[in-house]
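Subject: Structure handover

Hello,

Here is the structure I said I would pass on. My notes on it follow below.

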Amino acid sequence: MNKLNKPVFKDYSAFKEMSSNRRLKHYSVLNGQDAFILNAYKEYIKNKGFLNVNSCGTLSGSIAEALKYYYKEPVKCISIIDEIRAANANSLCSMCGSMHSGTLDHVLPKESYPEFAVFTKNLVPACKCNTFKSTTISNAAGHRMLHPYFDNVLCERLIRAEFTNLGQTPTIDVKIIIDPRSSDFNNVKYHLDNVVIKNDIKGYLSQQWESFYLYPELIVRGLNKSLFTYDDALNLLIRELSLLDEKHKGKNNWNSVFVAGLIHPDVIEWILYELHLGDRETSGRLK
Ligand SMILES: [Zn+2]
């Protein structure tokens, strides 16, 4: 879950160059199809990455296969596809916010929307969540996934962990923290339920808690027995959160989601109580 700058690339002219190149494998299939496909892409951009699915029509099987082929084996004029993949190999996942990406995801899936298979504004760095994400992109009420290139709301902190029944194995949930009256709220909820939760953010948060419980400094720098007051702990957590946001260039990466969940009065009180128990070393580590 991260807002990204759109790739700077002339998709329209590259597509025209590809479809009119007689030497390419699928020339006879794609030649003359520019208008239909580029008009659909124009709609895609105009609608900020999402469409009225009825406006797009159905692509013939052979055209769909040709486009999927060129996505898999990009020809020279669209080699940017490989470049986007390589440039983001070690960044976090822009779709779910997990701490790695490693692949590219079609925001509108290529199986249902092959017409956008090779266009850069439909391609975002992602992790394995792109295999869990269903091909459904919105629900009956029109609430939809968020698009890393178009949805500015992704710059805001949208979610945080919620820890209750504090102890070695607390109850962990993920809360949406933007105003429920915001026009983005339902889309954020759709995205959380269908992308982020499906990729097991709760499992990750639970692993983080395991490390945090045993040795808090593994997760929050400076969180040890030298801290005594609520304000000192609060300020340390706020600092850690801002460092994580900065490092991961966004506020909805899973490490920030974890630390944002610690910034809650009940959790801070619990941390201070727990840290100063006799079974912890000066470092805060459990003996
Ligand atoms: Zn992901």
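A nonpolar core here means a set of buried Ala, Val, Leu, Ile, Met, Phe, Trp, Tyr and Cys residues joined through C-beta atoms within 7 Å. Please keep in mind that this is a predicted model.

The largest such core holds 65 residues, and Met-95, Cys-96, Ala-161, Val-257 and Val-259 have the most contacts inside it. Helix H10 gives the most to this core, namely six residues. Domain 1 (11-132) and domain 2 (156-275) each supply at least three residues to the core.

Next, helix H8. Its 14 residues (201-214) should span 20 Å at 1.5 Å a residue, and the end C-alpha atoms are 20 Å apart, which agrees. Buried in H8 are Ile-201, Tyr-204, Leu-205, Gln-208, Trp-209 and Phe-212. These residues lie on the same side of H8, because they cover an arc of only 140° around the axis. The face turned away from that side carries the exposed residues Gly-203, Gln-207, Glu-210 and Ser-211. The packing partners of the buried residues of H8 are strands E3 (159-164) and E4 (171-176) and helices H7 (185-196) and H10 (254-262).

As for the two strands, E3 and E4 run antiparallel and are joined by six bridges. Phe-163 has Ile-172 in E4 as its bridge partner. The hairpin of E3 and E4 has six residues between the strands, and Asn-165 takes a positive phi near 50° there.

Regards

Key:
Residues are numbered from 1 along each chain as its sequence is written. This is a predicted model: local features need pLDDT of at least 70, side-chain atom pairs count only at pLDDT 80 or more; totals for chains, interfaces and linings use all residues. Helices (H or I, at least four residues) and strands (E, at least two) are DSSP runs, numbered from the N terminus. The expected span of a helix is 1.5 Å times one less than its number of residues. A residue is buried if 20 or more other C-beta atoms lie within 10 Å of its own, exposed if 12 or fewer, and partly exposed in between; C-beta atoms are placed from the backbone. The arc is that of the directions from the helix axis to the C-beta atoms. Two residues are in contact if their C-beta atoms, placed from the backbone, lie within 7 Å. Domain bounds come from an automatic or database domain assignment. Two strands pair if DSSP finds at least two bridges between them.
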